[in-house]
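Let's walk through this structure together, one piece at a time. Keep the 3D view open as you read.

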Amino acid sequence: MEAYLSLSRYRGNAPLEHWLTRIATRVGYRYWKEKARRRRMEPFDVQEWDRATGSGDAGTLEPDDAAELLHQVFEQLAPRDRLVLTLRYLEQCDVAETSRRVGWTKTMVKVQTMRARNRLRKLLEQSGMELTG
Amino acid sequence: MNWEQKIEQLAARAREERTPRVDVTSRVLAVLSAGQAQPVTVAERFWIWLAAASAAVAVPAAATAIILYTKSPQPLSEIAEAISWAIQ
């Protein structure tokens with residue numbers, strides 16, 4: 001709907017797919033920010049994490065469960081961190097693609113990724129998770 | 001396996017997730033038909049004001065013309081005379 005309403009502003013400088021992914025990224029990010037503002041986070045189950053990753057084989061987990069668990073972990077982070085980590089890990093975007101989707105410079109993406117990774121590591125440590133497996 | 005490898009493994013598994021097919025067509029159409037007004041551009045605003053001004057002038061002029069036309073006993077000949085007078 002956002003794309004439909006913005007269609008008159010599409011100049012055709014970039015492929016339509018790129019334009020659509022940027023809009024989708026922006027809409028998702030806005031949703032996370034709104035959700036974080038209202039503090040409507042799902043409780044994060046540490047035991048679930050340990051059960052899923054403790055054996056060193058998260059590949060046996062059902063895809064739905066893996067996605068849910070991953071989103072629960074990422075949800076504990078700030079929306080900005082969540083955005084960059086989701087794009088890098090889940091969407092498998094490289095720096096250039098992430099930069100294009102979020103509208104940041106490549107340097108900004110690298111810095112933001114590094115900070116988000118550090119915050120995620122600290123979060124996992126603080127939750128008392130077994131990080132080394 | 002460190003924490004990042006675990007995250008990557010989880011992400012790899014999560015990518016296999018099949019999102020449920022949800023038909024939102026009717027809801028989207030309902031929102032669109034409810035209508036979000038598009039903002040008026042400067043050019044559009046100019047034409048809107050020009051049309052309003054034209055209408056404001058044209059309506060009283062037409063009313064006056066009708067009144068004069070109906071009041072006159074021989075309106076067509078008077079108009080013709082007025083035109084010929086103006087030409088001279």
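How many aromatic pairs turn up over all chains? A search of the whole structure of this predicted model finds 3, where a pair means rings of Phe, Tyr or Trp (its six-membered ring) with centres within 6.5 Å. One of them joins Y10(A) and W19(A): the ring centres are 4.9 Å apart and the planes sit at 45°, so the pair is tilted. That label follows from a simple scale, with planes under 30 degrees apart called stacked, over 60 edge-to-face and the rest tilted. Another is the pair of F46(B) and W47(B), which is edge-to-face, at 5.1 Å from centre to centre and 70° between the planes.

Now, are these residues buried or exposed? Buried means under 20% relative accessible area, exposed means over 50%, and partly exposed is in between (1.4 Å probe, protein chains only). W19(A) has 16%, so W19(A) is buried, while Y10(A), at 26%, is partly exposed. Over in chain B, W47(B) reaches 55% and so counts as exposed.

Next, zoom out to chain A. It has 7 helices and 0 strands; here helices (H or I, at least four residues) and strands (E, at least two) are DSSP runs, numbered from the N terminus. Of the 133 residues in chain A, 38% are buried.

How do helices sit against each other? Two packed helices are described by the angle between their axes and the distance between the axes. The axes are lines fitted to C-alpha atoms, for helices over the stretch in contact, and angles run from 0 to 180 degrees between N-to-C directions.

Take α5 (residues 79–90) and α7 (residues 106–126), both of chain A: they pack at about 100°, with axes 9 Å apart. α5(A) and α7(A) are therefore roughly perpendicular, given that under 35 degrees is roughly parallel, over 145 roughly antiparallel, 65 to 115 roughly perpendicular and the rest oblique.

Finally, look across the chains. Helix α4 (residues 63–75) of chain A packs against helix α1 (residues 3–14) of chain B at about 130°, with axes 7 Å apart, so α4(A) and α1(B) are oblique. Residues including L70(A) and F74(A) meet residues including I7(B) and L10(B) there.

A note on bookkeeping: residues are numbered from 1 along each chain as its sequence is written, and chains are lettered from A and ligands numbered from 1 in the order in which they are written. Local features need pLDDT of at least 70 and side-chain atom pairs count only at pLDDT 80 or more, while totals for chains, interfaces and linings use all residues, and side-chain values use heavy atoms, leaving out hydrogens and water.

Key: Contact = heavy atoms within 4.5 Å.
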